[in-house]
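Hi,

Here is the structure I said I would pass on.

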Amino acid sequence: MRNITKLLISSLLLALFAVNQAYAQSPEAFKYQAVLRDANYAPITGQNVSIRISILESTPDGTIVYQEAHSNQTSAIGLVVLNIGEGNVLSGIFADIQWGSSDHFLQVEVDQAGGTNYSILGTSQLLSVPYALYAKEAGKVELIGGEGIQVEENVINNLKPSLWELDSNIVFVDTSFVAIGITDTTFNDSTSLFPTDAPLYVNGNIRLAEDSALLGLGEIVGSSGISFSANPDREGDMVIASNGRVTFEEEVGINQSFSFVDLNVRNQLGNSTVFQVEDTAGQDIFEVGRGRNVGINRITNNVTLQVRSKDALNTPSSIIANFEKINGDNVFQVQNDNDVVVTGDFSVNSGNKNFILDHPLDPANMILAHNAVESPDHVTYYHGTIKLDANGQAVVELPDYFEALNTDFHYQLTCVGGFAQVYIAEEIKDNQFRIAGGKDGMKVSWQVSARRDDPWAHDHPYQAEIEKEAGEKGLYYYPEGYGKGRAFKIGSQESKEEK
């Protein structure tokens with residue numbers, strides 16, 4: 001026997017085909033239909049097949065009380081339809097089957113080639129439908145129907161029809177394609193509304209009811225992701241890839257729609273956090289608070305911007321924050337040891353360059369603020385105190401890099417504990433200079449100032465007077481000092497709105 005055991009039936013429907021109300025017409029029959037598929041689950045379409053039907057009594061492998069054969073051609077979706085009781089009778093009499101005497105089973109065999117080399121596909125118990133034939137013989141019988149089902153003699157009425165009805169102008173099925181909401185069934189036609197590369201196509205909106213459960217997809221088979229588009233000219237306004245990444249084609253609004261920003265997140269009344277990003281352990285990575293505060297690796301509600309280094313759950317970093325140019329060069333860096341590194345100029349606009357420390361006389365209650373020395377040039381300072389020898393002289397040793405770094409030297413000498421006409425006996429050479437004119441054992445306080453002479457200072461000469469840029473002209477760093485209001489302050493919100 002030819003091996004077609006992998007031939008599959010994808011669906012089975014048994015329904016009452018005809019019960020003559022006058023109980024006189026013959027033959028009686030009931031409908032059988034199925035979709036035939038091959039071993040790869042593809043429909044067997046447009047092919048002549050042979051089907052043998054057997055009615056077995058009592059058990060699935062019981063006595064065959066009736067057997068018939070059919071020759072049918074499958075449809076475009078692999079569907080075969082036949083009337084059991086009207087086939088080519090092989091044994092038994094269909095009208096003599098005693099439906100009410102015992103259980104009966106339906107055995108289906110198929111020869112895909114249309115011959116008689118059948119293979120059994122399966123056996124199923126016959127339930128209520130063919131037993132209407134038995135009701136004809138028994139006369140009027142009492143049947144109990146479910147909600148909305150009315151049974152009157154041999155007529156069954158559904159008083160509560162389904163909310164969904166198949167409309168050939170709305171739903172089309174052809175082989176492995178399903179389309180909803182179109183009127184063109186020529187799926188392979190280039191002019192069809194239905195794209196042939198989409199097994200399921202819906203022309204219109206798909207809505208999930210507000211009171212329905214959340215829709216979850218554990219796996220997307222045969223697709224790299226899900227795409228949503230409101231614009232037919234774009235492939236996807238929002239794409240969810242198989243790796244979980246979400247890509248937006250244009251603007252994104254969360255709790256607010258905007259067309260002039262890429263991403264807009266609006267605060268929801270009552271929430272303490274507007275936007276939050278967490279790691280897999282639930283630790284904060286980035287958070288925007290309701291009070292316009294921002295925290296990086298830290299939940300914060302009391303500062304505008306707070307950046308925290310990695311905690312014990314992560315590998316500690318030597319750098320807390322780093323700002324780079326587009327080429328990767330560092331511009332500003334905060335290190336874990338509290339050091340701050342600035343690459344390039346560091347400017348303070350109309351403010352002080354202070355260092356703050358606890359006041360040494362009252363450290364618990366006061367601070368001491370010192371200002372940095374300011375100069376219109378790249379000035380360096382070196383100072384110290386030295387004791388003169390028996391001849392009233394001394395040699396001051398400077399760092400070994402002094403002359404490599406500096407030029408244009410200036411000296412200042414001050415006697416300590418007395419007066420003498422001290423002077424510079426020899427100027428700086430080989431990173432040292434000599435003092436003379438003093439007394440034996442006298443102390444002299446000295447100071448040397450110089451101008452930087454290294455390559456960077458040569459390439460970036462200091463410019464003390466600079467013309468304001470076009471956008472800053474007419475504005476001030478300290479407008480109050482010139483009788484102006486905040487609308488004239490460089491960088492203020494008021495000045496931006498005014499412009």
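This is a predicted model: local features need pLDDT of at least 70, side-chain atom pairs count only at pLDDT 80 or more; totals for chains, interfaces and linings use all residues.

Ser58 counts as partly exposed, at 40% relative accessibility (buried is under 20% relative accessible area, exposed over 50%, partly exposed in between, with a 1.4 Å probe and protein chains only). This serine is found in the loop between β3 and β4 (63–73); strands here are DSSP runs of E of at least two residues, numbered from the N terminus. Ser58 is not a glycine, yet its phi is positive, at about 80°. Most residues other than glycine have a negative phi.

Residues are numbered from 1 along each chain as its sequence is written, and side-chain values use heavy atoms, with hydrogens and water left out.

Asn431 also has a positive phi without being a glycine, in this case about 65°. Its loop runs between β31 (423–429) and β32 (432–436), and at 14% relative accessibility Asn431 counts as buried.

Now the salt bridges, meaning a side-chain nitrogen of Lys or Arg within 4 Å of a carboxyl oxygen of Asp or Glu. The count by this rule is 6. Here are some of them:

- Glu109 and Arg52 meet through their side chains at 2.9 Å, N to O. Glu109 sits in strand β7 (residues 104–111) and Arg52 in strand β3 (residues 48–57), so the pair ties together parts that are 57 residues apart in sequence. Glu109 is buried at 5% relative accessibility, whereas Arg52 is partly exposed at 22%.
- Asp454 pairs with Arg452, and their closest N and O atoms are 2.9 Å apart. Asp454 is buried, at 13% relative accessibility; Arg452 is partly exposed, at 28%.
- Glu426 bridges to Arg434, with 3.4 Å between the closest N and O atoms. Both ends are partly exposed: Glu426 at 45% relative accessibility and Arg434 at 21%.

Back in strand β4, have a look at Glu68. At 0% relative accessibility, Glu68 counts as buried. Its C-alpha atom is 8.7 Å from that of Gly92, a residue 24 positions away along the chain.

Next, the surface. Val340, Val342, Phe346 and Val348 make a nonpolar patch of about 340 Å². Patches take residues with over 30% relative accessible area and no salt bridge, joining like charges within 9 Å and nonpolar side chains (Val, Leu, Ile, Met, Phe, Trp, Tyr) within 5 Å; areas come from the Shrake-Rupley method with a 1.4 Å probe, and for residues only the protein chains shown count as cover.

(On a 1 Å grid over the protein atoms alone, a pocket is an open set of points with protein on both sides within 12 Å along at least five of seven lines, where a 1.4 Å probe fits; lining residues have an atom within 4 Å of a point.) The volume of the largest pocket is about 1400 Å³, taken as the space filled by probe spheres set on the points, which are joined across faces, edges and corners.

Cheers

Definitions and conventions:
Helices (H or I, at least four residues) and strands (E, at least two) are DSSP runs, numbered from the N terminus.
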